[in-house]
Amino acid sequence: MNITVCTTVVFSPTGTSRVVARAVASATGYTVRPVDVTYRQADVQAFGRDDLLVVAVPVYGGHVAPTALQRMQELQGDGTPAVAIVVYGNRAYEGALVQLSEFLAGRGFVTVAAGAFVGEHSYSSARYPIAAGRPDEADLAVAREWGVALRRKLDAAATPEAVDASRVCEPQSPLLSKQHFAEFIVSLQQGKVSPLPVAPTTAPDRCTHCGCCVERCPVGAITAGDELHTDASLCIKCCACVKGCPAGARSFATPFAPVLSQCFDERKPPVTIV
Ligand SMILES: Cc1cc2nc3c(=O)[nH]c(=O)nc-3n(C[C@H](O)[C@H](O)[C@H](O)COP(=O)(O)O)c2cc1C
Ligand code: SF4
Ligand code: SF4
């Protein structure tokens, strides 16, 4: 195939999906054109058979982050090869990869490679680390090798050859960890755990009103000049504002953090097919 441009399409509030997409795309050796849908809807765009799309999105609750799908509604392929990548916080990605591949197929793309990578969990903190620092160098080495293998496949093929995303083998957590997490979910449903916070909060004594959180928020839930308040009806709990606050004034005190940190501390490797 004669691919000329590789377009990366990412929704990535805390940056991990963006890093993985970049590593894969640059390893292909094609000219890379980044499209970032974290802060805005993708423009109406038609892709042809000499394009390649590398799409990377985070997993929220075992699904593709819903805002990512909304933002990519206008993309249109024409038998265009695409790489489907989901990035998750070392718990599980469940049906998200198949969901992304089906979403792309519904818009005229052919999934020629699919993979799931681990990124530092949005809820990770110094106190409750969850996949802290990932994707790390070992993850990115896998991403690059995969990009090279993808290039080889595309060079050798006359037409895009689809892969079955359900064949990607999801790494499993130890049974005890899964049980512990399931028990936590049940106690949450039974109201035995304090209710989930609806949005991060700001410590008034720490906030310098620098406005970084306003810029970082993908859905406009924080207003400039009113940074002590968050519109919970808009907030998607992505924690971009928490991780991006230079004063450490934003926090999201979710009871998920200690449980995830404890249950899912075993390193899961990236998994890919091409
Ligand atoms: C609301 C929400 C739900 C999440 N659900 C999951 C999940 O089901 N499984 C998992 O392993 N990680 C989950 N995560 C963690 C993210 O998938 C992970 O941190 C990812 O690297 C974030 O991508 P980004 O850096 O591109 O924003 C969730 C994060 C958020 C904010
Ligand atoms: S980023 Fe932090 S310090 Fe800056 S306005 Fe937001 S909460 Fe305040
Ligand atoms: S206010 Fe909510 S949606 Fe906006 S950055 Fe913070 S967590 Fe994400």
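Helices and strands here are runs assigned by DSSP, helices having at least four residues and strands at least two, and they are numbered from the N terminus. With that in hand, let us walk through this predicted model.

Start with the overall view. The protein chain contains eight helices and eleven strands. Its radius of gyration is 19 Å, close to the 19 Å that the globule rule gives for 274 residues, so the chain is as compact as a globular protein of that length. Along the principal axes, the C-alpha atoms occupy a box of roughly 60 × 45 × 30 Å. Of the 274 residues, 44% count as buried. Among contacts between residues at least 6 apart in sequence, 80% join residues at least 24 apart.

β4 pairs with β7 in the parallel sense over six bridges, and P58 stands opposite V87 in β7. β8 runs parallel to β7 as well, joined to it by nine bridges, with I85 opposite G115 in β8.

Take V55 as an example: leaving aside residues up to four places away in sequence, V55 touches V9, A82, V83, A84, I85, L100 and L104.

L100 and L104 bring us to helix α3, where both are among the buried residues. The helix covers residues 96-105 and is mostly covered itself, with eight of its ten residues buried.

Now for some backbone details worth a look. Most residues other than glycine have a negative phi, and most peptide bonds are trans. N90, in the loop between β7 and α3, has a positive phi near 75 degrees. Is N90 buried or exposed? N90 counts as buried because 24 C-beta neighbours lie inside 10 Å. K237 also has a positive phi, about 60 degrees, and is found in the loop between α6 and α7. K237 is buried because 20 other C-beta atoms lie within 10 Å, where the cut-off for a buried residue is 20 or more. The peptide bond from R134 to P135 is cis, with omega near 5 degrees; P135 sits in the loop between β8 and α4.

Finally, turn to two of the ligands. Which residues are closest to ligand 2? They are C207, C210, C212, C213 and C245, out of 13 residues that surround the ligand. By class, this shell has seven nonpolar, four polar and two charged residues. Ligand 3 is surrounded by 16 residues, the closest being C217, A221, C235, C238 and C241. The shell around ligand 3 divides into 13 nonpolar residues, one polar and two charged.

How values were computed:
Residues numbered from 1 in each chain as written. Chains lettered and ligands numbered in written order. Predicted model: local features only at pLDDT ≥ 70, side-chain atom pairs only at ≥ 80, totals over all residues. Contact = placed C-beta atoms within 7 Å. Near = placed C-beta within 6 Å. Nonpolar A, V, L, I, M, F, W, Y, C, P; charged D, E, K, R; others polar. Buried ≥ 20, exposed ≤ 12 C-beta atoms within 10 Å, placed from the backbone. Rg over C-alpha atoms; globule rule 2.2 N^0.38 Å. Pairing = 2+ DSSP bridges.
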